Amino acid sequence: MDPSRIAAALLAWSVGVASTFAADVLDPFALSEVAPGNFVHYGSLEERAPGNMGDQANIGFIVGEKCVAVIDTGGSAAVGRALRAAIRRTTDRPVCWIILTHVHPDHFFGTAAFREDRAVVIGHENLPRSMGQRARPYLNALKRDLGDHAAGSEVIPPTQLVRDETVLDLGGRTIRIKAWPVAHTDNDVTVFDERTGTLWLGDLLFVSHTPVVDGKITGFLEVLDTLSRVSVQRFVPGHGKTDAPWPQALEPERDYLALIVRETRAAIKRRKTIEEATDEVGLSERDKWVNFDDFHRRNVTTAYTELEWE
Amino acid sequence: MNPLCKGLLAGLLLVLPLGAAVANEKAEPDPAKSQYWPPIRQMMFGEREILDGKDVVRVYLSTRADDASTVPVAVKAQIDQTPGQYIKQVYLIVERNPSPAAGIFQFTPDSGRAQVETRLRFEDFSFVRAIAETNDGKLYMASRWVKAAGGCSAPGDKNRMPANLVGTMKFRFADETVEAHKPALVQLMIRHPNESALASDFDDTRTPQFVRQVKVTYAGKTIMSADVDFSISDNPSFRFYFVPEKEGELQAIVEDTHDKRYVHREIIVEGVPLPGG
């Protein structure tokens with residue numbers, strides 16, 4: 001498959017022209033330097049709405065002596081522009097790479113804001129196909145939720161693909177991009193900054209925000225198990241923030257997913273239908289998570305369709 | 001696929017405004033005023049009268065779906081299947097899908113009840129229409145509004161199953177045993193990616209492959225058959241009734257768009273424990 005052809009095709013799906021609304025809502029665009037040279041903007045835990053312009057995901061960048069690598073670009077061109085402005089206030093190094101952690105629109109719709117940087121967009125080898133399949137419905141939904149604030153947002157797929165691991169030299173600083181098996185989605189990557197031991201997890205880690213399973217729930221648990229054995233000094237979740245130490249910070253999410261697996265298996269064993277299972281599985285977790293009613297039943301649906309074949 | 005369904009696919013893909021405006025769809029619209037319904041109705045039913053279905057057929061779905069690629073739906077007859085009066089066909093339509101005719105299900109008096117549960121994909125917020133055709137040729141319609149979007153294109157990427165698993169089937173029974181002459185509910189599960197024709201928009205290396213026909217017999221008599229397409233979720237699931245005897249064979253024959261044919265059989269004996277748990 002020819003990425004440039006895909007890119008050309010996808011450009012057709014862009015949502016009109018750039019707007020100037022961004023500055024008001026996203027100013028000030030807060031950045032936290034979680035480790036030297038690692039800057040995070042924590043997104044909102046609220047649902048996507050014109051008032052937040054699609055600023056849901058935790059996004060940010062790593063600064064080397066030669067180059068900046070952006071990790072996710074936010075849920076709209078407006079968020080992407082705010083991130084780009086924040087980078088320009090922080091460093092004069094050019095943005096050489098944009099790493100997209102996975103296919104969800106709160107993480108990638110800001111990429112258009114970096115067009116003039118001519119940065120190389122990097123993602124999991126499964127990402128172009130998944131983005132191509134979802135481009136139109138994602139843009140329709142963005143427009144439905146943000147209205148005029150969706151302007152300028154585009155689906156821009158990666159041109160450099162990660163199959164196993166890709167190592168980038170930002171100048172005196174090495175980062176490792178690792179592609180994972182099917183878990184949160186079928187195209188999750190993590191980014192590890194070797195100098196500070198900082199791991200950017202994308203949506204392999206949800207904190208406070210209800211975890212979302214759009215891949216394979218048993219695969220998600222296996223990946224968390226592998227991650228819990230990795231030595232990490234600092235970490236950045238895809239949503240939410242925490243003071244919990246590593247790897248204990250993974251536990252609430254792991255417990256939630258494991259409970260769904262356990263209770264869904266039990267429901268299937270008792271000959272419950274998919275509707276009955278979504279009505280009863282995992283409800284004891286409701287008070288522990290934000291946006292539970294928006295995502296939990298969907299997770300049970302995904303789990304059921306996976307586990308009914310065991 | 002029967003000629004009607006094929007005609008629909010070819011025709012509607014051209015006729016419908018697929019990229020239509022998405023603004024202002026938060027309120028539940030009036031099923032009689034949907035702009036998407038008249039061309040579908042015209043193509044499928046021409047000038048035939050369609051009566052209010054509330055005493056004949058009902059359609060059950062959550063109004064706000066949790067996962068647009070897997071939306072459980074149940075179509076339930078409100079009348080008994082008797083040789084004198086029965087539902088012979090149910091058309092299940094998702095108005096806004098690229099190929100709106102999700103399934104055309106045929107029943108017989110041997111079906112026990114005209115009822116089918118399956119799982120649907122939704123490309124956009126849409127009315128679902130279930131139209132029952134009784135043996136006297138009358139049409140009855142039930143409608144329901146569903147808020148779910150993006151589900152036609154979403155799947156396919158998370159379900160790359162090994163080729164040797166495609167076409168594997170299971171029967172899953174609602175009860176542990178069956179009783180002769182008492183209608184029993186069974187779920188036919190088909191392992192199949194049911195790839196949406198949309199999945200190939202930006203990737204011409206794959207030809208979409210989806211289930212197009214399902215036929216289930218019991219003791220040699222057809223109890224349910226269906227022409228279906230990619231509005232049905234991956235790993236298609238159909239749950240319906242049959243009326244068991246003391247002993248008999250349940251058989252499912254499934255065909256997909258690559259002309260692959262899959263067969264699954266199971267002997268059902270009264271009182272003997274059945275799979276499903």
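Modeller: A word on terms before we start: two strands count as a pair if DSSP finds at least two bridges between them. Also keep in mind that this is a predicted model.

Biologist: Thanks! With that in mind, how many bridges join strand 5 and strand 12 of chain B?
Modeller: Five, and strand 5 (residues 101-107) runs antiparallel to strand 12 of chain B. One contact to look at is B:Phe107, whose bridge partner in strand 12 of chain B is B:Met224.

Biologist: And which sense does strand 12 of chain B take with strand 11 of chain B, parallel or antiparallel?
Modeller: Antiparallel, over six bridges, with strand 11 covering residues 211-218 of chain B. There, B:Lys215 stands opposite B:Ser225 of strand 12.

Biologist: What sits between those two strands in the hairpin?
Modeller: Two residues lie between strand 11 and strand 12 of chain B, and B:Ala219 in this hairpin has a positive phi near 50 degrees.

Biologist: Is strand 12 of chain B mostly covered or mostly open?
Modeller: Mostly covered: of the eight residues in strand 12 of chain B (221-228), six are buried.

Biologist: Changing topic, what is the strand order in the open sheet of six strands in chain B?
Modeller: The order is 2-3-6-13-10-9, and the pairing is antiparallel. Strand 2 (57-60) and strand 9 (169-173) of chain B are at the edges with a single partner strand each, so one side of each has no neighbour in the sheet. On average, neighbouring strands in this sheet are turned by 15 degrees against each other, direction ignored.

Biologist: How many bridges does strand 9 of chain B make with strand 10?
Modeller: Five, in the antiparallel sense, with strand 10 spanning residues 184-190 of chain B. Within that pair, B:Phe171 stands opposite B:Leu188 of strand 10.

Biologist: Now cysteines. How many disulfides turn up over all chains?
Modeller: One, from a search of the whole structure. A:Cys67 and A:Cys96 form the disulfide, with their sulfur atoms 1.9 Å apart.

Biologist: Where do those two cysteines sit in chain A?
Modeller: A:Cys67 is in the loop between strand 3 (59-63) and strand 4 (68-71) of chain A, while A:Cys96 belongs to strand 5 (residues 95-99) of chain A. The pair links distant parts of the chain, 29 residues apart.

Biologist: Why is the disulfide of A:Cys67 and A:Cys96 left-handed?
Modeller: Because the torsion about the S-S bond of A:Cys67 and A:Cys96 is about -70 degrees.

Biologist: Last one: are A:Cys67 and A:Cys96 buried or exposed?
Modeller: Both A:Cys67 and A:Cys96 are buried.

How values were computed:
Residues are numbered from 1 along each chain as its sequence is written. Chains are lettered from A and ligands numbered from 1 in the order in which they are written. This is a predicted model: local features need pLDDT of at least 70, side-chain atom pairs count only at pLDDT 80 or more; totals for chains, interfaces and linings use all residues. Side-chain values use heavy atoms; hydrogens and water are left out. Helices (H or I, at least four residues) and strands (E, at least two) are DSSP runs, numbered from the N terminus. Axes are lines fitted to C-alpha atoms, for helices over the stretch in contact, and angles run from 0 to 180 degrees between N-to-C directions. A disulfide is a pair of cysteine sulfur atoms within 2.5 Å. Buried means under 20% relative accessible area, exposed over 50%, partly exposed in between (1.4 Å probe, protein chains only).
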